[in-house]
Amino acid sequence: MVKDIIRNMRKDFRVEFREKSALQIAFSFAFIATLSVGLVMGGASTGARERSIILWLIMFFSAMSGLAHAFVREEEKGTALLLRLTSSPSAVFTAKLLFNLAFFLALQFLITLLFVFFVEGDVASPFPFALTILSGGTALASASTILSAMAARAGVRGALFPVMSLPITLPVLFAATGATAEAMERPGLAPGGDIIFLLAFSGAIIAVSYLVFEYIWIDE
Amino acid sequence: MEQACILSIDKDGEAAARTTPFSRRPYPEKTMDDNKGPAQNSIIIEGASITHRFGTRTIFTGVSIVAFPGGPAAITGPNGSGKSTLLEILAGLRRPTDGSVMMRIQGEPHTASLERFVGFASPRLRLYEELTALETLDFIAQNRLSRERGRELIGRFGLEDRAHSRVGAFSTGMMQRLKLIAAALNDPPILLLDEPCSNLDEDGRRLVFEYLASVKDRKAIVIATNDPGEADFCEGRASLG
């Protein structure tokens with residue numbers, strides 16, 4: 001199983017880095033969106049809550065543009081059949097989940113750096129802020145992975161993905177924006193309940209994903 | 001070995017066996033439950049009363065099949081009769097609407113996933129265009145022995161000069177050779193091949209038939225085809241539709 005996962009991840013990284021276009025589009029989107037927001041705001045004074053909402057909206061749409069790709073590409077290019085033939089469903093799902101986590105955490109790193117530089121210079125509690133970004137990103141990536149598998153199999157793909165994702169990821173966005181706003185404005189803040197909620201959400205969604213993935217993955 | 005495959009079709013409740021006797025031996029009266037003899041010592045794949053529908057359209061009903069080593073078997077039938085679908089169901093790539101697929105090892109039922117036991121090639125199967133031929137085989141290989149076998153098969157199927165080329169730059173014929181190598185890579189006891197010679201030149205066809213002839217006594221081979229050459233190579237034949 002572990003060998004299977006490593007084999008699949010190696011293949012995913014190779015294919016994605018050689019194909020380049022999907023990675024470039026996702027990183028370009030994140031860069032342009034953050035930069036545009038920074039320029040449009042032009043140093044205007046806004047509250048922590050508003051800045052936090054803007055940050056997580058950029059994150060959400062970056063996730064929508066980048067995370068669906070892992071499964072959609074397999075269906076569009078017809079390679080899903082080869083994956084079904086060579087790997088167990090749980091190995092395929094784990095490899096895609098880990099790939100999406102690595103990819104989205106890199107994307108978040110870029111967005112957060114740009115956001116702090118262009119929009120919000122000061123973060124009062126950096127440690128809870130970083131933890132919120134990481135746990136929120138994990139929750140978004142976990143939910144997006146199983147939803148992208150469903151969207152890819154449904155055939156509507158690109159258009160369907162954000163529509164399917166919004167109701168599931170709404171609690172993540174609520175919790176993440178609240179925790180991020182607090183971390184931005186309150187110094188000496190200890191990591192709180194929102195971070196625990198985001199981690200618990202990730203755990204629950206991953207557990208459910210393992211239960212349902214085989215039914216999504218194998219053709220009827 | 002007596003035969004490679006028994007296929008019976010029961011369409012709309014009427015038993016309608018459309019099998020052709022094997023060239024060497026007459027087709028025996030035998031059911032899946034009566035599957036005793038030398039083949040019990042190897043891996044057998046059984047599909048029982050398989051029915052498949054796409055939406056409201058019924059593709060086939062009540063198909064039963066048993067495949068074991070001894071001689072390749074062909075499934076023929078007109079376009080849309082469900083040959084490829086049946087092969088995908090046998091390979092565990094598709095769930096049948098009704099019926100079941102089971103593997104027996106040494107006569108004992110084995111319900112785990114089939115991927116380690118089945119080699120599969122089909123026109124629907126696509127390879128990663130961004131990987132080289134060797135990287136593709138390394139991805140499919142289950143162990144070091146399979147990786148070494150990949151190097152040997154790539155030479156045997158005439159692709160050694162293109163081993164480090166990306167699959168996206170391959171012609172359809174070269175792609176087909178690579179698919180067949182991929183199917184044989186892990187030395188699976190069951191080979192399910194959908195039109196194995198499609199897009200191949202004469203040399204490619206010869207290589208395929210040579211390979212299949214060399215393994216037919218130790219592998220259960222089922223070929224879905226309408227190609228007379230492929231069907232003639234098989235020792236048993238059954239028709240869908």
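Start at the largest pocket of this predicted model, which has a volume of about 750 Å³. A pocket here is an open set of points on a 1 Å grid over the protein atoms alone, with protein on both sides within 12 Å along at least five of seven lines; lining residues have an atom within 4 Å of a point. Grid points are joined across faces, edges and corners, and the volume is the space filled by probe spheres set on them.

Select Asp4(A), Arg7(A), Ala141(B), Gln142(B) and Asn143(B): of the 32 lining residues, these are the closest to the pocket's centre. Now show α1 (2-19) of chain A plus α2 (133-140) and α3 (144-156) of chain B, the elements that each give two or more residues to this lining. The top contributor is α1(A), with seven residues. Helices (H or I, at least four residues) and strands (E, at least two) are DSSP runs, numbered from the N terminus. Colour the lining by type and you get 14 charged residues (Asp, Glu, Lys, Arg), 10 nonpolar (Ala, Val, Leu, Ile, Met, Phe, Trp, Tyr, Cys, Pro) and eight polar (the others, Gly among them).

Next, the cavities: sets of points where a 1.4 Å probe fits but cannot get out. Which residues lie nearest its centre? Pick Thr86(A), Val118(B), Ile140(B), Ala182(B) and Asn186(B), from a lining of 15. Two or more lining residues come from each of α5 (80-86) of chain A and β9 (118-121) and α4 (172-184) of chain B. This lining has nine nonpolar, four polar and two charged residues.

Hop over to α4 of chain A, residues 69-76. Seven of its eight residues are buried (under 20% relative accessible area, 1.4 Å probe, protein chains only), including Phe71(A), Val72(A) and Arg73(A). After this helix, click Gly78(A), whose phi is positive, near 75°.

For the complex, the predictor gives an ipTM of 0.78 and a pTM of 0.81.

Residues are numbered from 1 along each chain as its sequence is written, with chains lettered from A and ligands numbered from 1 in written order. Local features need pLDDT of at least 70 and side-chain atom pairs 80 or more, while totals for chains, interfaces and linings use all residues; side-chain values use heavy atoms, leaving out hydrogens and water.

Key. Buried < 20%, exposed > 50% of the residue type's maximum accessible area, 1.4 Å probe, protein only.
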